[in-house]
Amino acid sequence: MDLNGFDRLDRPDDGETRSVKVMIAGGFGTGKTTLVGSVSDIRPLTTEETLTEASAGDDRLIGVADKTETTVSLDFGKIRLNDSLMLYLFGTPGQERFWFLWNGLFKGALGAVVLVDTRRLASSFRAIEEMERQNVPFVVALNIFPDSRHYPVEEIRDALDIPPHIPVVACDARDRASSRDVLVALIRHVKDRFAVALEPR
């Protein structure tokens with residue numbers, strides 16, 4: 001089966017480009033906007049709004065007390081991984097009060113990245129459950145913050161009850177190369193599961 005070299009990111013141009021939709025999901029304050037911004041080839045579209053006292057009862061700032069802005073709709077960016085694959089990135093809002101937007105955002109998505117803050121694992125439970133509910137192929141990316149403790153990947157996998165076939169990778173969402181590696185891991189995971197979905201039509 002011809003997979004068009006999506007596992008070889010240096011493949012030469014054959015004149016055909018496939019565009020796919022990828023979701024960047026996760027709990028509140030896990031780094032979704034940061035990842036989209038760090039890796040996008042264009043200036044990303046964001047819907048960041050300032051957190052105010054009015055939202056104090058809705059947004060739990062435990063572990064992210066320094067956070068001053070939040071995504072209220074979506075983030076959007078794009079990256080060309082190679083000459084034949086363009087990813088359109090859609091970052092989801094993390095707060096529970098905006099989760100109703102997720103159903104529409106996930107329509108037509110090839111796969112998703114679930115960002116996890118290892119200091120606040122519980123904040124990502126809902127995102128992982130949603131991937132499984134919507135049957136969206138996904139990888140888990142452990143966003144390493146400066147004050148994060150190091151945990152073996154298998155401990156995180158057990159704590160989040162992530163099945164063995166789901167890749168778990170560490171990343172720094174601020175770093176373009178690191179964020180790109182997460183997207184490559186997702187594409188390879190999708191290719192392994194649903195190779196036919198990546199074939200040109």
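User: Leaving aside neighbours within four places in sequence, which residues is Met23 in contact with?

Analyst: This is a predicted model, where local features need pLDDT of at least 70, side-chain atom pairs count only at pLDDT 80 or more, and totals for chains, interfaces and linings use all residues. Residues are numbered from 1 along each chain as its sequence is written, and side-chain values use heavy atoms, with hydrogens and water left out. Contact means heavy atoms within 4.5 Å. On that rule, the partners of Met23 are Phe90, Thr92, Leu105, Phe106, Ala109, Gly111, Ala112 and Val113.

User: Is Met23 buried or exposed?

Analyst: Met23 is found in strand S1, residues 18-26. Strands (E, at least two residues) and helices (H or I, at least four) are DSSP runs, numbered from the N terminus. Buried means under 20% relative accessible area, exposed over 50%, partly exposed in between (1.4 Å probe, protein chains only). Met23 has 0% relative accessibility, so it is buried.

User: How are the rings of Phe76 and Tyr88 paired?

Analyst: Rings of Phe, Tyr and Trp (its six-membered ring) pair if their centres lie within 6.5 Å; planes under 30 degrees apart count as stacked, over 60 as edge-to-face and the rest as tilted. The count comes to two aromatic pairs. In this one, the centres are 6.0 Å apart and the planes of Phe76 and Tyr88 are at 15°, so the pair is stacked.

User: Which strands does this pair link?

Analyst: Phe76 and Tyr88 are twelve residues apart. Phe76 is in strand S4, and Tyr88 is in strand S5.
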